[in-house]
Amino acid sequence: MSTKSRTRSKTKLSRALGIPLTPKAAKGFEKRPYPPGEHGRTKRKTDSDYAVRLREKQRLRAQYGIREAQLRIAFNEARRTEGLTGENLVELLEMRLDAILVRAAIARTTAQARQMIVHRHIIVDGQRVDRPSFRVKPGQLVGVHQRSEGMEPFQVAAAGGHVDLLPKTPAYLEVELDKLQVRLVRRPKRAEVPVTCEVQLVVEYYAAR
């Protein structure tokens, strides 16, 4: 799929789910904040409880750009963890390496973060990591490999090129953007995570399956 097609599909998905998924999609969403298709502007019929829960689950999946199987695995772990399952779920997803790069404004989008990781440009505590789903632990330092720092995407990030396009850096991260480094200080709290989702509805969706 071309970059243009991916951008178009993200914009469509943003409109379908009612949330902007990328900075570019946000612009399109502002212009047309209704679902795509010929009936997009017309008032929707009242959704069933199942449809409401399903859409909330899809919203969460789309914001992290993960597959259904990955979300299900995270949900099962969240359910086994002490505390509220929905809050645990978001907190676990937020500690993914690709999510950390976006929150720190080292990457502009989740797709770009994944590309950086898969191409082995990213290090955690000095070791290369090539799995976007890698879970960063509190205290660990994420950075860019020395040989990759001069590449254009990282130079743009180090100059603060993405800062104004993304949500404010949350308090659970310590970011030194000029050094292309970010440390996870502690486990995130749901209230601090800039994700639009009624997590209890996601819990109810899976509980009913």
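**Notebook: a sheet edge, a helix and a lysine**

I started at the sheet and found S4 pairing with strand S5 (residues 181–184) in the antiparallel sense, over 4 bridges. This is a predicted model, so I am reading it as such. In that pairing, I noted Glu176 opposite Gln181 in S5.

Next I looked up the whole sheet. It is open, has 5 strands in the order S2-S1-S3-S5-S4, and its pairing is antiparallel. Its edge strands are S2 (127–128) and S4 (173–176), each of which pairs on one side only.

Then I turned to helix H5 (residues 85–94). I found 9 of its 10 residues buried, so the helix is largely enclosed by the rest of the structure. Among the buried ones I listed Leu89, Val90 and Leu93, along with Asn88, Glu91 and Glu94. I checked what they pack against: helices H3 (49–64), H4 (68–80), H6 (97–103) and H9 (199–207).

Is Lys57 buried or exposed? I found it buried, with a relative accessible area of 5%. Lys57 belongs to helix H3, and its side chain makes a polar contact of 2.7 Å with that of Glu68. Beyond its neighbours within four places in sequence, I also saw Lys57 in contact with Leu71, Val202, Tyr205 and Tyr206.

Last, I opened the largest nonpolar core, which has 48 residues. Leu60 and Leu89 are among those with the most contacts inside it, as are Ile106 and Val142.

Methods:
Residues numbered from 1 in each chain as written. Predicted model: local features only at pLDDT ≥ 70, side-chain atom pairs only at ≥ 80, totals over all residues. Heavy atoms only, no water. Buried < 20%, exposed > 50% of the residue type's maximum accessible area, 1.4 Å probe, protein only. Helix = DSSP H or I, 4+ residues; strand = E, 2+ residues; numbered from the N terminus. Contact = heavy atoms within 4.5 Å. Polar contact = N/O pair within 3.5 Å; in protein donor to acceptor, adjacent residues only side chain to side chain. Core = buried A, V, L, I, M, F, W, Y, C linked by side-chain atoms within 4.5 Å. Pairing = 2+ DSSP bridges.
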